[in-house]
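The report below takes them in turn.

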Amino acid sequence: QRAETLLRIITELSASLDMDMVLYRTLSVLSESTGAEQSMILLAQSAKVYQAGKDLAGVRAANSARIDQKISRSVVYQRAPILLGDVYVDPRWGEAEPLPGFRSVLAVPLILGEDVLGSLMLLHSQPDFFAGDKMHLLEATARQISLSLNNADLFNLIRDQAENLGGMLREKQIEASRSRAILEAVADGVLVTEADNIITLFNASAERILGLEAEQVVSRSLEQFSGLF
């Protein structure tokens, strides 16, 4: 069953680079397979949260962070999973905070190489709901999610660089066309070569002065016409 679930998750993650849609569908599959009432991905750098199922973690204290965020930070800092049978009786998350809507928590870090991208978390309103055997499935899912997030970042980086290079190329082409139009229109004879002395431009005034057609000159070496000058 875990293998089938992981296959479904991998299929969802590889279906698209639209991470909002892909991660929501992945969390839905994970909740369905594990019985979690809510599943969440909390990213460390952007503080972005993806979730599916009930909003059990919606209770927020007046002047403190949400308990689910505290658990996520602990998982990220320790680079290790956490299995909580009952958040109510665990003093680590702050006794003065209003009690959250969930009791059981299973959370694992999203690790890619040396980086921790965030955490993957399952929540349930019943205490001691998650057994230890679900940890392996959640860790395997976390690895696949980390790879998908990294692939999406790489794709976006490559796309942005391609767009920037395309914009620069268009600007260069426009500038080159403008310069060429100016050189073609001036009254003086103008001949332009590349670094290897291959002629690239021979304007109309140069044609009149030297009695040559541009087609006879362009793309040929300047040395072939040295006698004319």
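Contact here means heavy atoms within 4.5 Å. Helices (H or I, at least four residues) and strands (E, at least two) are DSSP runs, numbered from the N terminus. This is a predicted model, in which local features need pLDDT of at least 70 and side-chain atom pairs count only at pLDDT 80 or more, while totals for chains, interfaces and linings use all residues. Residues are numbered from 1 along each chain as its sequence is written, and side-chain values use heavy atoms, with hydrogens and water left out.

**Helix α3**

Helix α3 covers residues 67-78, which is 12 residues. From first C-alpha to last it reaches 17 Å, close to the expected 16 Å. The expected span is 1.5 Å times one less than the number of residues.

Which residues of α3 are buried? They are Ile67, Asp68, Ile71, Ser72, Ser74 and Val75. Buried means under 20% relative accessible area, exposed means over 50%, and partly exposed lies in between (1.4 Å probe, protein chains only). Seen down the axis of α3, these buried residues fall within an arc of 160 degrees, so they line one face of the helix. The arc is that of the directions from the helix axis to the C-beta atoms. The cover over them includes β1 (38-43), β3 (82-84), β4 (104-112) and β5 (115-124). Just after α3, Arg79 takes a positive phi of about 55 degrees.

**Two helix pairs**

Axes are lines fitted to C-alpha atoms, for helices over the stretch in contact, and angles run from 0 to 180 degrees between N-to-C directions.

| Pair | Angle | Axes apart |
|---|---|---|
| α1 (residues 2-13) and α2 | about 170 degrees | 9 Å |
| α2 (residues 19-34) and α4 (residues 134-185) | about 175 degrees | 12 Å |

On the α2 side, the contact with α4 is made by Met19, Leu23, Thr26, Leu30 and Thr34. Residues from α4 include Leu137, Ile145 and Ala152. By class, this contact of α2 with α4 has eight nonpolar, four polar and one charged residues. Ala, Val, Leu, Ile, Met, Phe, Trp, Tyr, Cys and Pro count as nonpolar, Asp, Glu, Lys and Arg as charged, and the others, Gly among them, as polar.

**A loop residue**

Glu194 sits in the loop between β6 (191-193) and β7 (199-202). At 44% relative accessibility, Glu194 counts as partly exposed.
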